[in-house]
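Please take a moment with the sequence and the structure before reading on.

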Amino acid sequence: MDISSPAAFANGGLLRMHVGRKVRTVLQVTRSDIASVIGKSTDGYQLVAKGSPHVPPTSFVEVIGVAENENTIRAELWTNFGDTFDASSYDQLCQLANGEFKHLFL
Amino acid sequence: MAKSVSQDAISTILANPSPDSSSDPAEIVVQVLDLKLTGNRYTFNASDGKMKLRAIFPSNMSSEIIAGSVQNKGLVKILDYTLNDIPNKSEKYLIVTRCEVVSSALETEIKTEEPDIVLKKPKLEHESQNEAKTDLAGIILKPKQEVVSKSAAQIVHEQRENMAPVARMSMTTRVHPLVSLNPYQGNWTIKVRLTSKGNMRTYKNARGEGCVFNVELTDEDGTQIQATMFNEAARKFYEKFQLGKVYYISRGTLKVANKQFKTVKNDYEMTLNENSVVEEASDEETFIPEAKFNFVPIDQLGPYVNGRELVDIIGVVQSVTPVSNIKRKTDNENIPKRDMVVADETKKTVVVSLWNELANDVGQKLFDLADTYPVVAIKSLKVSDFQGVSLSTLGKSTVMINPDIPEAKKLRSWYDMEGKVSSMANIGMGLSPSSRTGARSMYTDRVSLSHITGDPSLGDGKPVFFSIKAFVSLIKPEQAMWYRACKTCNKKVTEAVGSGYWCEGCQKNDEECNLRYIMVSKISDARGEAWVSAFNEEAENIIGCSAEELDKLKSEQGDVDGYQQKLKEATWVPHLFRVSVAQNEYNNEKRQRITVRAVAPINFAEESKFLLEDIKKMTNSQ
């Protein structure tokens with residue numbers, strides 16, 4: 001995997017800001033297919049993560065990959081985050097990391 | 001012009017509250033005493049050698065005073081004045097409108113004595129003293145010479161005379177400021193106002209039964225001290241001491257205050273016995289200020305919750321409930337209570353419960369005034385964790401509505417401009433739901449380690465409690481990690497002569513004993529690091545096994561050092577600690593001692609919420 005550039009924290013609404021770039025986000029898995037995983041972002045959007053994880057995904061999964069468009073990510077790295085996850089805190093993190101503290105992350 | 005005060009100048013002023021400005025004013029020369037800046041004007045005590053009168057200079061004189069033409073102990077001739085009543089008191093208050101400086105500071109305070117009172121105890125000594133004194137009146141400018149010529153016996157005698165009849169007390173007693181009292185000098189008289197009166201309590205101890213009550217005394221400078229009376233003295237003075245009145249007190253004893261129980265800021269506390277002298281100063285001119293406030297902003301009430309320390313607050317009343325009656329479980333008594341919501345500039349609100357008389361009198365007033373959003377200042381509130389954070393009045397609490405103090409004015413203008421329209425949250429609600437139960441404490445008084453290590457005086461007297469989130473950074477393997485403890489009482493046991501262990505506390509031998517942790521470890525957080533002590537339960541939590549198990553690991557032979565491994569695994573693990581900070585004395589040096597009282601695992605979701613709040617607070621305050 002290409003780790004030359006840091007992955008920007010994104011949620012559903014912020015994905016459009018990073019189209020074509022590496023992003024990371026946490027999805028609450030709603031459907032898992034052979035070639036993709038569909039989930040709900042921490043701010044309630046439905047996103048598609050193309051690819052398939054090596055292990056069956058838990059309820060929450062972190063996806064790192066390149067944003068193809070404003071609701072699709074071509075996943076390269078999958079990390080299971082378990083079944084309990086504080087979505088609102090993560091969402092606030094995304095906003096801070098893309099807003100006033102952007103300079104600390106990218 | 002005579003360089004002295006006009007005789008009976010004060011009486012003359014008192015007799016003429018509003019002098020006719022057209023006629024020539026009488027010669028009124030007074031000495032300026034206790035000159036001090038109050039607000040933006042200078043106040044002083046005007047003295048004619050016999051009586052004193054509280055007075056104030058016009059603001060246009062302030063520059064002259066600062067320049068030094070009007071000096072303390074100097075003389076001024078009052079050309080024009082008005083005499084006012086002090087509200088709620090029987091005293092008068094002199095407002096000087098025009099005056100001229102007669103003399104700069106004299107050597108001492110002028111005091112004239114009336115000869116007939118001195119002669120109550122006719123002795124030769126007295127008569128010569130008498131002469132010396134009246135001479136004093138004439139030779140104001142060089143009284144020091146006269147003082148030196150008196151023998152020590154004469155001076156001591158003089159001082160003692162001053163204490164006898166009340167009438168003379170008010171004219172000539174040397175009153176000591178509370179701040180000058182110490183246990184080694186017993187020859188003092190203080191003039192104080194009773195600012196708080198406790199209830200009479202009865203007690204039973206090894207020495208028998210008794211009764212006790214204590215009071216808080218405040219002097220002119222605002223210094224406070226607690227005074228306690230037992231048995232005979234308690235009975236003697238209980239009725240005499242009335243809240244708000246001014247007393248001359250002497251022949252009390254002082255001792256270093258027991259910091260755990262004191263509620264007043266003073267290193268000493270006073271005890272009065274049957275020989276102490278308490279005289280009411282009913283005709284006293286000087287006034288002693290009401291007790292000082294030490295306001296805590298509402299959003300900083302967290303650390304006080306369930307503590308012993310009482311707080312003062314000031315805020316704007318948002319709402320007041322009608323009176324309700326609460327039945328006290330202990331004795332089925334019905335107690336009136338009223339709640340009110342108070343807000344301050346921190347944009348937080350808090351509920352204040354008024355009990356008993358406060359619910360009825362002041363509470364009713366506040367209820368009626370609620371629509372005007374009055375400013376209320378309350379002293380001596382207890383902080384409890386009901387609904388997160390809430391305040392309750394005690395017997396000694398005092399409530400002032402729209403007090404005339406600068407903080408009140410500031411609050412008023414803040415409220416009228418912003419407060420009225422801003423939405424404010426209750427301080428208790430600002431915390432995440434789970435934290436309102438047991439875990440509450442881990443979030444409300446959260447500090448960083450540097451806050452503790454940076455303040456060496458923390459916990460002086462009474463231990464203070466904090467929550468910390470930190471990593472265990474070092475557990476020294478070579479320390480004495482545990483002690484041998486009695487299975488019954490947990491106290492340290494010694495190896496018995498034969499076999500087994502002897503417990504001094506239980507006075508018995510036991511074949512077996514427990515091992516209990518007394519571990520010292522280093523913890524670190526983003527801001528600093530500190531050494532802390534942990535006892536059995538907490539250390540077990542940190543290390544992950546009991547002391548016995550760790551002992552077993554230690555004595556195991558083999559390739560793998562289980563003991564070191566266990567300690568390693570415990571290192572760099574984050575925890576939420578509840579710690580107490582106290583002061584210990586080692587070789588006359590005070591050292592800070594931090595003890596772990598509770599350990600909790602980090603709840604990452606809660607912690608994230610807490611950190612996000614913190615970030616918000618930081619960005620808001622910029």
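Does Asn588(B) count as buried or exposed? This is a predicted model, and in it Asn588(B) has a relative accessibility of 73%; because that value is over 50%, the residue counts as exposed. Asn588(B) sits in the loop between β28 and β29 of chain B, and its phi is positive, at about 65°, although the residue is not a glycine. Asn587(B) belongs to the loop between β28 (574-586) and β29 (589-600) of chain B, and for this residue too phi is positive, near 50°, in a residue other than glycine. With a relative accessibility of 77%, Asn587(B) counts as exposed.

From this loop we can turn to pairs of charged side chains. In general, side chains of opposite charge can pair when their charged atoms come close. Glu589(B) forms a salt bridge with Arg591(B), and the closest N and O atoms of this pair are 3.7 Å apart. Glu589(B) counts as partly exposed at 47% relative accessibility, and Arg591(B) counts as partly exposed at 44%. In chain A, salt bridges that share partners bring Lys50(A), Glu68(A) and Arg74(A) together in one network.

Another salt bridge of chain B joins Glu418(B) to Lys347(B), with the closest N and O atoms 3.8 Å apart. This pair links distant parts of the chain, since Glu418(B) lies in helix α10 (residues 406-419) of chain B while Lys347(B) lies in the loop between β16 (334-343) and β17 (348-355) of chain B, the two being 71 residues apart. Glu418(B) is partly exposed, with a relative accessibility of 39%, and Lys347(B) is partly exposed as well, at 37%.

Lys522(B) counts as buried because its relative accessible area is 19%, and the cut-off for buried is under 20%. Glu529(B), with a relative accessible area of 43%, is partly exposed. Over all chains, a search of the whole structure finds 21 salt bridges.

Among the contacts in chain B between residues at least 6 apart in sequence, 62% join residues that are at least 24 apart.

The next topic is the meeting of the two chains. In general, the size of an interface is often given as the accessible area lost when the parts come together. Between chain B and chain A the buried area is about 490 Å², and carbon and sulfur atoms give 69% of this area. Leu612(B), Ile615(B) and Thr619(B) together supply 66% of the area that chain B buries against chain A, which is more than any other three residues supply. The contact takes 6 residues from chain A and 6 residues from chain B.

On the side of chain B that touches chain A, the residues divide into 3 nonpolar, 2 polar and 1 charged.

A careful reader will also ask about the confidence of the prediction. The predictor gives the complex an ipTM of 0.88 and a pTM of 0.44. For chain B the mean pLDDT is 79, and 82% of the residues of this chain reach 70 or more. Where pLDDT is low, the predicted coordinates should not be read in detail.

How values were computed: Residues numbered from 1 in each chain as written. Chains lettered and ligands numbered in written order. Predicted model: local features only at pLDDT ≥ 70, side-chain atom pairs only at ≥ 80, totals over all residues. Heavy atoms only, no water. Contact = heavy atoms within 4.5 Å. Buried area = accessible area lost by both parts, 1.4 Å probe. Nonpolar A, V, L, I, M, F, W, Y, C, P; charged D, E, K, R; others polar. pLDDT = per-residue confidence, 0-100. Salt bridge = Lys/Arg side-chain N within 4 Å of Asp/Glu carboxyl O. Helix = DSSP H or I, 4+ residues; strand = E, 2+ residues; numbered from the N terminus. Buried < 20%, exposed > 50% of the residue type's maximum accessible area, 1.4 Å probe, protein only.
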